[in-house]
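Here are some notes to go with the model, in the order I would walk through it on screen.

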Amino acid sequence: MFTLKTDNDRLLLASPDLRAEIYLYGGLLNRYEIRRPDGTWFNIVKAYDTPQHARESLTEWFRSGKLSPYACRLRHGKYSFDGKAYQCGKFKLAEHAAHGLMYDREFALVNSHADAQSAEVEIRADYAQDDSGYPFPFSLTVRYRLSADGLSIRSTVRNQGTTAMPLADGWHPYFTLGGKADDWSLEIDSSKRLGFDADLVPDGNMIDDTRFQTTSSLAGIELDNSFVLARRKPAACTLSGNELTLSIYPDASYPYLQIFTPPTRDSIAIENLSGAPDCFNNGLGLIKLNAGEEATFETRYHIAANHP
């Protein structure tokens with residue numbers, strides 16, 4: 001049986017063996033836990049202590065941040081759309097706008113349901129049009145659904161304006177399997193990644209990269225790359241540790257996978273992206289969402305204990 005609990009700032013979806021905690025601040029996933037054979041719970045998400053902790057520190061590493069209406073970096077915060085130039089960005093990395101405009105929004109619970117097969121919640125935030133460089137009104141609805149198949153996350157963006165809007169969507173979760181990244185192995189359904197310049201903005205090149213086509217150790221490996229998914233395997237990405245394995249199943253709406261190993265090496269960011277970094281300029285995955293239209297993006301996380 002699946003259950004759900006709600007309070008003023010967090011939501012909890014649970015089954016006897018799985019739990020997910022969602023903060024209304026940022027609409028972010030703070031915990032995705034599995035019950036281990038000894039009865040203890042293990043959280044595979046690099047978590048915040050409280051919602052207030054997230055409010056105070058999210059922009060340090062953007063752990064679990066929602067990336068919308070653009071993802072990763074936007075070169076100098078500048079872009080042109082339908083013949084007009086814009087300058088935007090509430091947060092900057094190396095002088096480039098980064099990680100969108102919705103990561104710190106307060107979401108509201110709009111729907112919830114639990115039964116024998118699943119538990120789910122639907123939350124929503126409206127873009128406040130508080131960045132003059134992105135004058136396009138839209139709503140963002142996120143549905144979290146916990147079931148025996150894992151945790152699915154579906155994002156729906158609706159253009160609430162009277163003109164078309166540029167759009168990309170993504171997530172910025174950091175995962176851990178215990179210990180350090182050097183103890184884990186990674187497999188990615190990809191043989192190519194985007195070339196980046198010194199500021200981690202795509203430079204127009206496509207680079208062959210077959211290191212992770214089969215399961216490979218992360219020992220000593222540093223990553224901050226955007227992989228192009230081939231969609232040849234069921235899972236886009238598999239992260240394996242001694243005790244647990246995380247598999248990620250994005251649908252076709254997320255053709256890119258950004259992967260980053262932080263200096264602490266106690267987690268790894270695995271980011272589903274609908275468009276490449278700087279897609280407002282390079283056009284890689286850019287969506288032109290017309291007035292009144294919706295775009296939906298979905299991914300699924302599956303965590304399992306490894307059998308001896």
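Two strands count as paired here if DSSP finds at least two bridges between them. With that in hand, here are my points on this predicted model.

1. **From S20 to S26 by way of S23.** Strand S20 (residues 192-196) runs antiparallel to strand S23 (residues 224-228), and two bridges join them. Within that pairing, Lys-192 stands opposite Val-228 of S23. S23 is also joined to S26, again antiparallel, this time by five bridges. Val-228 takes part here too, with Tyr-256 as its bridge partner in S26.

2. **The nine-stranded sheet.** What is the order of the strands in the open sheet of nine? Reading across, the order is S12-S13-S14-S15-S29-S25-S24-S19-S22, and the pairing is antiparallel. The edges are strand S12 (108-114) and strand S22 (216-217), each of which pairs on one side only. Inside this order, strand S25 (residues 244-248) and strand S29 (residues 294-305) are paired in the antiparallel sense over five bridges. If you want a residue pair to click on, Thr-245 stands opposite Ala-304 in S29.

3. Thr-156 belongs to strand S15 (residues 150-159). Is Thr-156 buried or exposed? Its relative accessibility is 16%, and the cut-off for buried is under 20%, so Thr-156 counts as buried. The side chains of Thr-156 and Thr-296 are joined by a polar contact of 3.4 Å. Beyond its neighbours within four places in sequence, Thr-156 is in contact with Ser-139, Leu-140 and Thr-141, as well as with Glu-294, Ala-295 and Thr-296.

4. **The S8-S9 hairpin.** S8 and S9 form a hairpin with two residues between them, and they pair in the antiparallel sense over four bridges. Lys-78 stands opposite Gln-87 in S9.

5. **Two backbone angles to look at.** Most residues other than glycine have a negative phi. Asp-82, in the loop between strand S8 (78-81) and strand S9 (84-87), is not a glycine, yet its phi is positive, near 50°. Phe-62 is another non-glycine residue with a positive phi, of about 55°, and sits in the loop between helix H1 (51-61) and S6. How do their surroundings compare? Asp-82 has a relative accessible area of 55% and is exposed, while Phe-62 has a relative accessible area of 2% and is buried.

6. **A cis peptide bond.** Most peptide bonds are trans. The bond that joins Ser-68 and Pro-69 is cis, with omega about 5°. Pro-69 is placed in the loop between strand S6 (65-67) and strand S7 (73-74).

7. **The largest pocket.** The space in the largest pocket is about 330 Å³. There are 18 lining residues, and those closest to the centre are Arg-73, Leu-93, His-99, His-172 and Asp-224. Which elements each supply at least two residues of the lining? They are H1 and strand S26 (256-260), with H1 giving the largest share, three residues. Sorted by class, the lining holds ten nonpolar, four polar and four charged residues.

8. **The largest cavity.** How many cavities of 30 Å³ or more are there? The count comes to one, and about 40 Å³ of space lies in the largest cavity. Its lining is made up of Leu-29, Ser-64, Tyr-144, Ile-153, Trp-171, Pro-173 and Tyr-301. By class, six of these are nonpolar, one is polar and none is charged.

Methods. Residues numbered from 1 in each chain as written. Predicted model: local features only at pLDDT ≥ 70, side-chain atom pairs only at ≥ 80, totals over all residues. Heavy atoms only, no water. Buried < 20%, exposed > 50% of the residue type's maximum accessible area, 1.4 Å probe, protein only. Polar contact = N/O pair within 3.5 Å; in protein donor to acceptor, adjacent residues only side chain to side chain. Contact = heavy atoms within 4.5 Å. 1 Å grid on protein atoms, 1.4 Å probe; cavity = no way out; pocket = protein on both sides within 12 Å on 5 of 7 lines; lining within 4 Å. Points joined across faces, edges and corners; volume = space filled by probe spheres on them. Nonpolar A, V, L, I, M, F, W, Y, C, P; charged D, E, K, R; others polar.
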